[in-house]
Amino acid sequence: MKRIAAALSLSALLASPLALRAQDGPRIVEKDGRHALFVDGRPYLMLGGQINNSSSWPSTIKDVWPTIEGMHANTVEAPVYWEQMEPRPGQFDFSLVDMLVNQAREHHVHLILLWFGTWKNGEMHYVPDWVKTDSAHYPRMIDERGQPIQVLSANSQANLDADRTAFVALTHHLHDLDAQQHTVLMIQVENESGAIGAIRDHSPEAQKEFEGQVPKELLAGLHKQPGTWSQVFGPDADETFQAYSQSRYINTIAKAGKAELPIPMYCNVWVRYPKGYVIRGYQEPGFDYPSGGPVQTMIDLWKIEAPAIDVLAPDVYSNDREFVKELLSTYARPDNPLLVPETGLGDDFAPGFFYALGKGAIGFSPFGTDQTAWTLHPGKLPEAHAENFALIEPLDRVLAKLNFEGKVQTAVEQEGQPEQTLTFGRWQALVGFGTRQRDGAQHAPGTKDYSGRALVAQLGPNEFLVTGIEARVTFYLAPGQQGHMQILKAEEGTYDDETWTPTRIWNGDQTDRGLNFNHEHYAVRIKLDTY
């Protein structure tokens, strides 16, 4: 993990070094509607790998590191299990947490902890046995038929108190363990929260609240007129009520955790897909996706009711590129940083990384990045994701800063679109996909699997950082600009932190036909001028 010396004010000079390190803890910073995850006082781009659900154990942790290192990740996402951490009420076992933190340090990566508490994929599988076996005290949701389901009720104070107590114990322990070293960057509060098996809780307590008036602060935030839930929200009343109950529940947990350890906290989202989830094939909250989670239509409500949650982060399990672009645009909001904490491991999900970078993402992580043979066998890597990270990892700190400044654009190949144009004021970059482009050809040939991708970042008025895979990037003056374009210098090189080290100058064939990027992981700084 990279470190920098803090810029010290007079008052800071009087503080202890440990106090200074604590002040530089991970945080989300917003500026002009753009966001950055600051780590040790600077923007940080999370190149992540989320391990499988059952891999945070001593017997399997050894299978994590070959993948994390092989794919050039700088951050590992790993679950913490409530059932293991609190096997009996009030008795806590932090051995797995300590193992994760210490091993992350040994392997020089950061860590994001995933709290598997009340919810995991819309159900309650990770709650302790003493919760599962005492439904009288820790009630489950009741469906519309009056039957209990495998989901704890978000309308129960006892359920909330139990989860909050455990989460506070976790964050208190992490404060003692990591407040100065900042190995842990963020905590995911629950996992794909919501209800599978019912749209909302029909217990007597929840039903009474549902039949009452919608709270005034929610009405004001959503610009709605007073009434009951059914009157105000019509056919969406059940899902909206569940989202209200659930967001407040999770906000209470996150707020209590931040009082112990003030680092960013987020919720990942099992999103709504256009044609329904592939397993079920239709759209219905509580069945197609967990009801009550911060899906696309519930973001505004969650922003009102869960201010302690810094990021609502979509899990992206679609390779429909138009849908992916739409989904990322939906979650990339002035009030919500874009983070993709999970995506598919296959090569066809890798272009999503460049889409996310182009929309200012603070991080991106494929799921299943360990060699336990559940998703990857020993010696195997997620090849396209690994190539993405190998390309970007040497540039990560610089790109994090430039993206926070709004100076990064990307191009991703799509079927029928072998060329795209990026505009930077007086300059345009024409990106053609498929690097075996013949002289005199009218258009770029494209690639067989539409895998071309490119990134262009503006370093100055006439200077750019360029990289890509299966792409050619050619600069032109934008229409209406005067003069003729010329290249003053094109340098291949790499960054050591934020210091550029050139390795050779490109000229002749290497620039006359644009800047060509295959699979060599080149980065080029190019300076332009006119005559």
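Me: Where is the place of Gln482?

Reply: In this predicted model, Gln482 belongs to the loop that links strand 19 (471–477) and strand 20 (485–496).

Me: Is Gln482 buried or exposed?

Reply: Gln482 counts as exposed, because its relative accessibility is 66% and exposure begins over 50%. Leaving aside residues up to four places away in sequence, Gln482 touches Leu477 and Thr530. Tyr531 is 49 residues from Gln482 in sequence, and their C-alpha atoms are 9.2 Å apart in space.

Me: What confidence does the predictor attach to the protein?

Reply: The average pLDDT is 93, and 93% of the residues score at least 70. Over residues 1–21, however, pLDDT stays under 50. For that stretch the model has 27 contacts beyond four places in sequence.

Me: How are two packed helices described?

Reply: One gives the angle between their axes and the distance between the axes. Here, helix 5 (residues 95–106) and helix 7 (residues 157–178) pack at about 35 degrees, and their axes are 11 Å apart. The crossing of helix 5 past helix 7 is right-handed.

Me: Which residues make the contact of helix 5 with helix 7?

Reply: Helix 5 contributes Val97, Asp98, Val101 and Arg105. From helix 7 come Leu170, His173, Leu174, Leu177 and Asp178.

Me: How do the strands of a sheet pair?

Reply: They pair through backbone hydrogen bonds, in either a parallel or an antiparallel manner. One case in this structure is an open sheet of three strands, with the order 1-2-3 and antiparallel pairing. Strand 1 (27–31) and strand 3 (42–44) are its edge strands, each pairing on one side only. On average, neighbouring strands of this sheet are turned by 55 degrees against each other, direction ignored.

Me: How many bridges join strand 2 to strand 3?

Reply: Three bridges connect strand 2 (residues 34–39) with strand 3, and the two run antiparallel. Among the paired residues, Val39 has Arg42 of strand 3 as its bridge partner. Helix 16 (residues 396–404) packs on this sheet and touches strand 1, strand 2 and strand 3. The direction of helix 16 makes about 105 degrees with that of strand 3.

Me: What is the order of the strands in the open sheet of six strands?

Reply: The order is 14-17-18-23-20-21, and the pairing is antiparallel. At the edges are strand 14 (408–412) and strand 21 (499–505), each of which pairs on one side only. From one strand to the next, the twist averages 30 degrees. Strand 20 is joined to strand 21 by six bridges, the two running antiparallel; Asp496 has Thr499 of strand 21 as its bridge partner.

Me: Which strands does helix 15 lie across?

Reply: Helix 15 (residues 383–392) lies across strand 17 (453–460) and strand 18 (463–469), and runs at about 160 degrees to strand 18.

Me: Why is helix 16 largely enclosed by the rest of the structure?

Reply: Eight of its nine residues are buried, so helix 16 is largely enclosed by the rest of the structure. The buried residues are Asp396, Arg397, Val398, Leu399, Ala400, Leu402, Asn403 and Phe404. After helix 16 comes Gly406, with a positive phi near 75 degrees.

Me: How many residues of helix 14 are buried?

Reply: In helix 14 (residues 351–358), seven of the eight residues are buried, so this helix too is largely enclosed by the rest of the structure. They are Pro351, Gly352, Phe353, Phe354, Tyr355, Ala356 and Leu357. Just after helix 14, Gly360 has a positive phi of about 80 degrees.

Me: How are the side chains arranged in a regular strand?

Reply: They alternate between the two faces of the sheet. In strand 11, both faces are covered: Val311, Ala313 and Asp315 are buried on one side, and Leu312 and Pro314 on the other. Since five of the five residues of strand 11 (residues 311–315) are buried, the strand is largely enclosed by the rest of the structure. Strand 10 (residues 265–270) runs parallel to strand 11 and is joined to it by five bridges. Trp270 stands opposite Asp315 of strand 11.

Methods. Residues numbered from 1 in each chain as written. Heavy atoms only, no water. Axes fitted to C-alpha atoms, helices over the stretch in contact; angles between N-to-C directions. Helix = DSSP H or I, 4+ residues; strand = E, 2+ residues; numbered from the N terminus. Left-handed = near helix turned anticlockwise from the far one by under 90°. Contact = heavy atoms within 4.5 Å. pLDDT = per-residue confidence, 0-100. Pairing = 2+ DSSP bridges. Buried < 20%, exposed > 50% of the residue type's maximum accessible area, 1.4 Å probe, protein only.
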